[in-house]
Amino acid sequence: MKDVYILAIESSCDETACAIVKNGKEVLSNVVNSQIDFHKQYGGVIPESASRMHVENISKVIDSAINQAKIKHSDLDAVAYTQGPGLIGSLHIGVVAAKTLAWTLGLPLIPVNHIYGHIMANQIDNDDLDYPLLALVVSGGHSELIYFKDKNTYEVLGKTTDDAVGEAFDKVGRIMDIPYPGGVEIDKLSKDGEALYKLTEPKAEGEYNFSFSGLKSSVLQLVARENKAGREVDNANLAASFQMVAIDQLIRVSEELINKLELKQFVLAGGVAANSRLRDEVKRLSKTYPHIKFGYPQMKYCSDNAAMIGAAAYPLYKNKKFGSLSDGANPSHRKLF
Ligand code: KG4
Ligand code: ZN
């Protein structure tokens, strides 16, 4: 069978990224230009600035991806891009770049859902996913449990009723006055601390849902109480305490579904899949349920990148699920495929 080379573009938030992926699994290049150092100054992503930086960087990132992959434009079979969800202005730059390339090179276009990309990152350098599968999607914008009966049929069984888990990490980071993104810093800090602070265990409405805003408020109240009492807050202990409660909730709800469903595989997906406690908990689950495969993407494919978009585009290419030049960005995109 002929090899399929897909050029993929991701620009949904604050990373301008392009990758060349062979047959959905082999990453020939994966260029990510992160804007984090800029947004750090403001403690979060400034959408207007993000779009402007995508415009400045997109052509360079695409050229680097092609050069690093050591391929020619004529080797490409399709151009994939993130259609949504994400920031409208950021998405738009990737959409325009993808359409321009596809039109100029006469190639099919493949619009990809960002969340589906995060899930398919598990297939990079790895076996095909096994179904029935449960994916715990955890990112800055999403916390969802998605059940796939087979590779073409899925259902969202649980989601957050308020903040996404990554958002909660970032907001708690702001309360602790540590650099953005809080998730990365809290994970690092927690390694030097112990979960000694008592924080309110979140309770969500709905059987398999999550809730994180009460936990964030509980951190805010604790910091205010300690400040008022003239005691210094131990950030490492606070990081460990918050991380423990947040991750334990994700695992507790996931485990309820693992027990209920007849699964072949469970995977993590999204930026928070990089969290060390979450990865350790998944390793623990794999020992408790040896008949199920447990996995998470390699660290470099957890946070936003274009290789995952190339991986997700491959089955869409095989099923000829092509888009058209009249498609646009969809900031609240819901359909995975
Ligand atoms: O998937 P992603 O790169 O962007 C979105 O699609 O939202 O996820 C970014 C989120 C941020 O909230 C960031 O704080 C969080 O992932 N994150 C982490 C870790 N690394 C990134 N959260 C907890 N622990 C980490 N190690
Ligand atoms: Zn993401």
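## Exercises on helix H7 and the zinc site

The cover over the buried residues of H7 includes helix H5 (165-175) and helix H8 (235-260). The model is predicted: local features need pLDDT of at least 70, side-chain atom pairs count only at pLDDT 80 or more, and totals for chains, interfaces and linings use all residues. Residues are numbered from 1 along each chain as its sequence is written, and side-chain values use heavy atoms, with hydrogens and water left out.

**Exercise 1.** Determine which residues of H7 are buried and how they are arranged about the axis.

*Solution.* Step 1: helices are DSSP runs (H or I, at least four residues), numbered from the N terminus; H7 covers residues 213-228. Step 2: buried means under 20% relative accessible area and exposed over 50%, with partly exposed in between (1.4 Å probe, protein chains only). Leu215, Lys216, Ser218, Val219, Leu222, Val223 and Glu226 are buried.

**Exercise 2.** Identify the protein donors of the zinc ion (ligand 2) and their spacing along the chain.

*Solution.* Step 1: donors are N, O and S atoms within 2.8 Å of the metal (3.2 Å for Na, K and Ca); water is not among the atoms, so sites may look incomplete. Step 2: His114 (NE2), His118 (NE2) and Asp304 (OD) lie 2.0 to 2.1 Å from the zinc ion. Step 3: the spacing is H-x3-H-x185-D. Step 4: both histidines, His114 and His118, lie in helix H4 (residues 114-120), four residues apart, about one turn of the helix, and both are buried.

Technical notes
Chains are lettered from A and ligands numbered from 1 in the order in which they are written. Helices (H or I, at least four residues) and strands (E, at least two) are DSSP runs, numbered from the N terminus. The expected span of a helix is 1.5 Å times one less than its number of residues. The arc is that of the directions from the helix axis to the C-beta atoms. Contact means heavy atoms within 4.5 Å.
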